[in-house]
Structure formats: structure tokens, C-alpha cells
Amino acid sequence: MPVIETEGLTKYYGKSRGIESLDLAVNGGEIFGFLGPNGAGKTTTIRTLLGLINPTSGRATVFGLDIVSDSVAIRGRTGYIPGDTNFYPKMTGAETLAYFAAFRPKTPPVMRDDLVRRFDLDLSKRCKDYSRGNRQKLAIVLALMHDPDLLVLDEPTLGLDPIMQKEFYDLLNDFRHRGKTVLLSSHILSDVDKTCERVGIIKAGRLVAVENVSELESKKVHHISAMFSDSFEVREFSLPGVTVIRHNEHSLELKAKGEIDPVIKALAAHKIVDLDFEHASLEEVFLEFYGEAGE
Ligand SMILES: Nc1ncnc2c1ncn2[C@@H]1O[C@H](COP(=O)(O)OP(=O)(O)OP(=O)(O)O)[C@@H](O)[C@H]1O
Ligand SMILES: [Mg+2]
């Protein structure tokens, strides 16, 4: 049975669209990526699932419990990282953890010390003095310290440096291996593709696709800029999925869709002075693949 299941879930803020007719199923023991550009409806979905806002229509269950009538029970088994963390500015990190732990007397914060160590978080500082990244670490410890059955994470790595991001994704993997479930929202594809097996793509309030990450890999778009010390012929880059955007005698800018290996081999036939290699934004992947479906 899915841990999260929604049926025609819809939320309007007055006349303004939040999400529309969302049918989503997240299975127990999976890390499900929830991807979409700004304003797509990720936060709205998450807040509705946790009973923080009420749906306009449709229904959903978490652990088989109704999100409207059983939201307290759902939140008791769920760790939540909100997109915008707000702590009491004068409390220290330690006080903040103790304050929130007091709301859950039945589930002790068994993972607290381990998490604090893993993220190298100084608990003696006041919240107002934490940097953006350190506030995010505090939010992570808060969400995970009770070792909940489900994690609902709204852009959880915002502000974390690359080492801490890796630590965080390792942690999610451990969590999953212990049979727990994760809903992970992000607007960055490369954030979720290493961690999730499946992703749901939301655009303008609607779920436009649910894909296995391996399928999405083949839809990846890369931007490559190269500078050569020798000259080259543009036709060397007439490869499947490759569009040359700009070129002159020594430089080349191109967009490559799908398989990247032939492009790298073509580049490597020359002496490279400089190379920029970027994943296209999710928005570009959307435009390439879901442009019509999402309009
Ligand atoms: N409190 C609100 N009142 C009115 N409209 C809102 C409110 N919250 C969200 N919306 C609207 O609902 C839509 C979905 O917003 P939501 O915050 O869920 O998107 P998101 O996918 O989380 O975006 P982001 O990536 O920017 O966090 C947007 O059009 C937004 O303007
Ligand atoms: Mg959001």
C-alpha cells in the first residue's frame, strides 16, 4: 500500500491556483522526488498533505490516514523540513531542539546527537546568529531526530555546502534502507537524480509526469562551452541530439540532449584550453519534453 496517496487533490487560494487534480502515489520505502519550477505547487502539495492547509477538493491519505481528519496522527509520524525555516531568534540551537522535542514526549529524539555530530552543528549559538546553511542543518536535525517513518522535505538542501549536501543524501539513503519513506521536493533535477528512483514532475499545479530517474537521465540536456587551441570543423559535432549554439575559429558552444559520450569523444579530438559543462535547468528539460503537456 502506498504511504502517500492523493486523488484529485486540489487547492485554490481564493481564486488563485495552488494545485489541481493531483493524483500521486508514493510507495513505502522509496525516495520520491517531487520536481517543479517556482510556483508549480510543490509547497502547496506538501502543506496540504501535512494538514497545514485544507484542500479545496479531492482527498489524500498518508499511512492510510485521512489528511484532513487525522492530520495530528500523520504529523506525529512524519519529519518535515519546510521550505522557509523560522526559529525563535533568541533561542539557542540546543534550546530549539529541546523545545520541539517537548511536543513529542512519546517519541524521544533518539537520533539527535548523531545528527548534530554528522552535520557538525554548533548548538550553543542563538538562532538569529546562525548562517543560512546552519539554520538549514538545524531544520534537518529537527525533522529527523525522532526517527520518523516518513520524511517530507521541501527543498531541504537549500544553503548547504556540497559536503553537507552529500552527507544529507547519504543520510536519506540510510533512512530508506531502514524501510522508511521520503518525499523530496526540489526544483533542481541534479539534486534528486542521484537519490531518487522515481520523480513526479509538477508544472502549473498539475502533475505532468511520473518517471523513473533512469528514463529521465536519457532526457538530460547539457550545455557545453569549449575553447580549443587548434581549429575545428562544426560538422564534427553533427551528432544525434546536438545543437551548435555558437562557434568561431577556436570556441564552440553547444547543447546536447541524451547520450553525452559521443560529444565528449568529439571534443577530445582537439586540444582543449577551457571547458564548461553544465546540466541544463529543469525548466529547460521541461521545455524540451513537457512543453505542451504542461501548458
Ligand atoms: N498563501 C497563498 N496565497 C495565494 N496564493 C498562493 C499562496 N501560496 C501559494 N500560492 C500560489 O500557489 C501556486 C503554487 O505555489 P507553491 O508555493 O506551492 O509553489 P512551489 O512549487 O513550492 O514553488 P517554489 O519552487 O517557488 O517554492 C503559486 O502560483 C503561488 O502563487
Ligand atoms: Mg515551495
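**View 1. K265, an exposed residue in a helix.** K265 counts as exposed because 10 C-beta neighbours lie inside 10 Å, where a residue is called exposed if 12 or fewer other C-beta atoms lie within 10 Å of its own, buried if there are 20 or more, and partly exposed in between, with C-beta atoms placed from the backbone. The residue sits in helix α9, which covers residues 261–268; helices are DSSP runs of H or I with at least four residues, strands are runs of E with at least two, and both are numbered from the N terminus. Between the C-alpha atoms of K265 and N27 there is a separation of 40 Å, and the two residues are 238 residues apart along the chain.

This is a predicted model, in which local features need pLDDT of at least 70 and side-chain atom pairs count only at pLDDT 80 or more, while totals for chains, interfaces and linings use all residues. Residues are numbered from 1 along each chain as its sequence is written, and chains are lettered from A and ligands numbered from 1 in the order in which they are written.

**View 2. The shell around ligand 1.** Around ligand 1 there are 13 residues, of which Y13, N38, K42, T43 and T44 come nearest. Two or more residues of this shell are given by each of β2 (16–27) and α1 (42–49), and α1 provides the largest share, 3 residues.

**View 3. The chain as the setting for these views.** The chain contains 11 helices and 14 strands, and its C-alpha atoms fill a box of roughly 70 × 45 × 35 Å along the principal axes. Of its 295 residues, 33% are buried.

Definitions and conventions:
A residue is near a molecule or strand if its C-beta atom, placed from the backbone, lies within 6 Å of it.
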